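Here is a short tour to read alongside the sequence and the model. Please keep both open as you go.

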Amino acid sequence: ISLFPQDGEDARTLLRNADVAMYRAKTHGKNHVRFFTPQTGLGAMERLTVETQLRRALENNEMELSYQPILRMDGSLYGFEVLLAWNNPKLGRISPGRFIPIAEESGMIVSIGSWVLRRACLQSAQWRGNGYPPVRIAVNVSAFQFVRAGFVDKVAEALAAAGLSPLALELELTEGLLMGDIEESSHRMSRLRALGVGIVIDDFGTGYSSLSYLSSLPADSLKIDRSFVQQIAEPGGSLPLIQTIVSLAHNMGLSVVAEGVEKPRQLELLRTAGCDRVQGHLFGGSVNAAAAAELLRNTRKTECGAK
């Protein structure tokens, strides 16, 4: 709500400030009312600017992918997690943490997520066509994408358009996303696995972490959240918890990935805990497609489970 005359003396200003108040109301969930105030407008106006620019980002070729290496514990390259960045001529380089929530609220995440999936599949197919070792690519999936009725078909279409084997692709799904409707989540995960696509439960340990639900979800891997990795070397830290997660996962036939590895001591303890794969700045940050190709060129050919 914005009020005349204190919030604006013309229709354009009143509507703009009402829009600002609307965004603030949305951050508190459904059935909330917010009046515009100048203080409200400081962050909300920036948000409105970001959303306006975001609507033209794909058609203006402002989005770009980068690739963070995922390594086995022996140091060999398993694959890449696909990360997204936005380079806007007006706002500069914008991190996903800043624009993804806006894309989700506005519904733009569906088209952005589809673009990421298609582009990542095409890039992976290109690497394979150039004779590089076969590695997996891991693509993050938003809840807004996953719950759409045609999502599994969209994944199949992206793979077919690129000529890429489903065994080359992993989809990362967060715990919270899956727990919304366990039965439907399990059904869609089963359809994806029937295609041959790998399923990773991302940020494990930060959401519901219900062991009873975990046994009913057809996943391939768990990814331990970086917050646990950061605490692993501290006195009374997360090492016992990580060891328990790894043991549980292995007993259920799941592999375990640890993200956010930054120090050699963390890597040493994760190896002791029995983790299968790791990623993080200890092994370098995310790189562009050309640098990723160089990593592939220099890596030894290994059986990556993706043919």
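## A residue to start from

In which strand is Asp-203 found? Asp-203 is found in strand 6, which covers residues 198-204. Helices and strands here are DSSP runs (helices: H or I, at least four residues; strands: E, at least two), numbered from the N terminus. Asp-203 has a positive phi of about 55°, although it is not a glycine. With a relative accessible area of 23%, Asp-203 is partly exposed. The classes are buried for under 20% relative accessible area, exposed for over 50%, and partly exposed in between, using a 1.4 Å probe and protein chains only.

## What kind of model this is

This is a predicted model, in which local features need pLDDT of at least 70 and side-chain atom pairs count only at pLDDT 80 or more, while totals for chains, interfaces and linings use all residues. Residues are numbered from 1 along each chain as its sequence is written, and side-chain values use heavy atoms, with hydrogens and water left out.

## The chain as a whole

The chain has 13 helices and nine strands. Of its 307 residues, 48% count as buried. A contact means heavy atoms within 4.5 Å. Among contacts in the chain with a separation of 6 or more, 66% are between residues 24 or more positions apart.

## Helix 6 against helix 8

Let us turn to a pair of helices. Helix 6 (residues 151-162) and helix 8 (residues 182-195) pack with their axes 10 Å apart, at an angle of about 20°. Axes are lines fitted to C-alpha atoms, for helices over the stretch in contact, and angles run from 0 to 180 degrees between N-to-C directions. Helix 6 and helix 8 are therefore roughly parallel to each other; angles under 35 degrees count as roughly parallel, over 145 as roughly antiparallel, 65 to 115 as roughly perpendicular and the rest as oblique. The crossing of helix 6 and helix 8 is right-handed, a term for a near helix turned clockwise from the far one by less than a right angle.

Which residues meet at this contact? From helix 6 come Phe-151, Val-152, Asp-153, Val-155 and Ala-156, and from helix 8 come Arg-188, Arg-191, Leu-192 and Leu-195. The residues of this contact of helix 6 with helix 8 divide into six nonpolar, no polar and three charged. In this count Ala, Val, Leu, Ile, Met, Phe, Trp, Tyr, Cys and Pro are nonpolar, Asp, Glu, Lys and Arg are charged, and the others, Gly among them, are polar.

## Salt bridges

Side chains of opposite charge can pair when their charged atoms come close. A salt bridge is a side-chain nitrogen of Lys or Arg within 4 Å of a carboxyl oxygen of Asp or Glu, and the structure holds 11 of them. One of them joins Glu-170 and Arg-136, with the closest N and O atoms 3.3 Å apart. That pair links distant parts of the chain, with Glu-170 in strand 5 (residues 169-174) and Arg-136 in strand 4 (residues 136-140), 34 residues apart. Both Glu-170 and Arg-136 are buried.

Arg-191 counts as partly exposed at 32% relative accessibility, and Asp-153 counts as partly exposed at 41%. Elsewhere, Glu-294 forms a salt bridge with Arg-297, with the closest N and O atoms 2.2 Å apart. Glu-294 and Arg-297 both lie in helix 13 (residues 289-298), three residues apart, about one turn of the helix. Salt bridges that share partners also join Glu-81, Glu-172 and Lys-223 into one network.

Where does the cis peptide bond with omega of about 5° lie? This bond joins Phe-4 and Pro-5, and Pro-5 lies in the segment before helix 1. Within helix 1 (residues 11-26) sits Thr-13, which counts as buried at 18% relative accessibility. Not counting residues up to four places away in sequence, Thr-13 touches Asp-7 and Gly-8.

Asn-61 is a residue other than glycine with a positive phi, near 55°. Asn-61 has its place in the loop between helix 2 (38-54) and strand 1 (63-72), and is exposed, with a relative accessible area of 68%.
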